[in-house]
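Trainee: I would like a close look at one part of this protein. Could you take me slowly through its salt bridges and then through what surrounds them?

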Amino acid sequence: MCSSDLFVGATYDELMETCIWTEGQLAEFAAKNRDRKKVRRLMAPFLGGGKPHEHPVEEGLDFHLAVGALVENRVRAFMLMMPGQVLVEHILGNIDRPSLEDPFVHDHEAIAKAIVEGNAAKAGKLQREHYSHLNQYFRTYWPRAVADKIQGR
């Protein structure tokens, strides 16, 4: 048996469930980053300061990359980011992305604020809630496909 055999037959539903955990871990590690200047710099674009602020989907994708860039162990960041990257490649390319902007991308400001504050527990909790909401959205929007097997690309 090969380690890649463990993934044969894995579904998009399993992938989305995994993203809830991995993305929460990323936010926790990002909040613990010791370089607070770097944290503030990378999170600054996502802090609207209470002002109305456009949130295109691309900015949302940038947010998740910035969170990953704040994980001090690059191998850990890579491993934790992989499920989310597969999700982006396979699912976000198949749905009405602009419909995600209002309900989900606005979560990023609260998560960014918790990361800047260094509050790992809050950042992780908010990120897991964010991905739980995304998971529910995908189940509603894409009800049959979530049970499909992940396709190699």
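Mentor: Let's begin with the term itself. A salt bridge here is a side-chain nitrogen of Lys or Arg within 4 Å of a carboxyl oxygen of Asp or Glu. Please keep in mind that we are looking at a predicted model. By this rule, the count of salt bridges comes to four, and I will walk you through some of them.

Start with glutamate 129 and lysine 125. Their closest N and O atoms are 2.7 Å apart, and the two form a salt bridge. Both residues belong to helix 7, and because they are four residues apart there, about one helical turn separates them. Now check how open each one is. Glutamate 129 has 32% relative accessibility, so it counts as partly exposed. Lysine 125 is also partly exposed, with a relative accessible area of 47%.

Next, compare that with a pair that spans the chain. Aspartate 13 and arginine 139 form a salt bridge too, with their closest N and O atoms 2.5 Å apart. Aspartate 13 sits in helix 1 and arginine 139 in helix 7, so this bridge ties together parts that lie 126 residues apart in sequence. Arginine 139 has a relative accessible area of 32%, which makes it partly exposed.

A further bridge joins arginine 34 to glutamate 72, where the closest N and O atoms are 3.2 Å apart. Look for arginine 34 in the loop between helix 1 and helix 2, and for glutamate 72 in the loop between helix 3 and helix 4; the pair links distant parts of the chain, 38 residues apart. Arginine 34 counts as exposed, at 68% relative accessibility, while glutamate 72 is partly exposed at 41%.

Now step back to see what these pairs are set in. The protein has seven helices and zero strands. Of its 153 residues, 43% are buried.

Let's go inside. In soluble globular proteins, nonpolar side chains tend to be buried together. In this model, the largest nonpolar core has 23 residues, and those with the most contacts inside it are Met43, Phe63, Val67, Leu70 and Ile115. Helix 7, where we started, supplies at least two residues of this core, as do helix 1, helix 2, helix 3, helix 4 and helix 6. A second, separate core of 13 residues includes Cys19, Leu87, Tyr131 and Ala145.

Two residues let you follow the packing by eye. Valine 67 is in contact with Leu26, Ala27, Ala30, Met43, Ile115 and Gln127, leaving aside neighbours within four places in sequence. Threonine 22 is in helix 1, and with a relative accessible area of 4% it falls under the 20% cut-off, so it counts as buried. Beyond its neighbours within four places in sequence, threonine 22 is in contact with Leu80 and Pro83.

Just after helix 6, glycine 118 takes a positive phi of about 75°.

Val75, Phe78, Met79 and Met82 make a nonpolar surface patch of about 410 Å². Methionine 79 lies in helix 4, and it counts as exposed because its relative accessible area is 54%.

Finally, look at the segment after helix 7, where you will find glutamine 151. This residue is partly exposed, at 48% relative accessibility. Glutamine 151 touches Tyr12 and His90, not counting residues up to four places away in sequence. Glutamine 151 and alanine 10 are 141 residues apart in sequence, yet their C-alpha atoms are 9.2 Å apart in space.

The mean pLDDT of the protein is 84, and 77% of the residues reach 70 or more.

How values were computed
Residues numbered from 1 in each chain as written. Predicted model: local features only at pLDDT ≥ 70, side-chain atom pairs only at ≥ 80, totals over all residues. Heavy atoms only, no water. Buried < 20%, exposed > 50% of the residue type's maximum accessible area, 1.4 Å probe, protein only. Contact = heavy atoms within 4.5 Å. pLDDT = per-residue confidence, 0-100. Core = buried A, V, L, I, M, F, W, Y, C linked by side-chain atoms within 4.5 Å. Patch = residues over 30% accessible without salt bridge, like charges linked within 9 Å, V, L, I, M, F, W, Y side chains within 5 Å. Areas by Shrake-Rupley, 256 points an atom, 1.4 Å probe, with all protein chains shown as cover.
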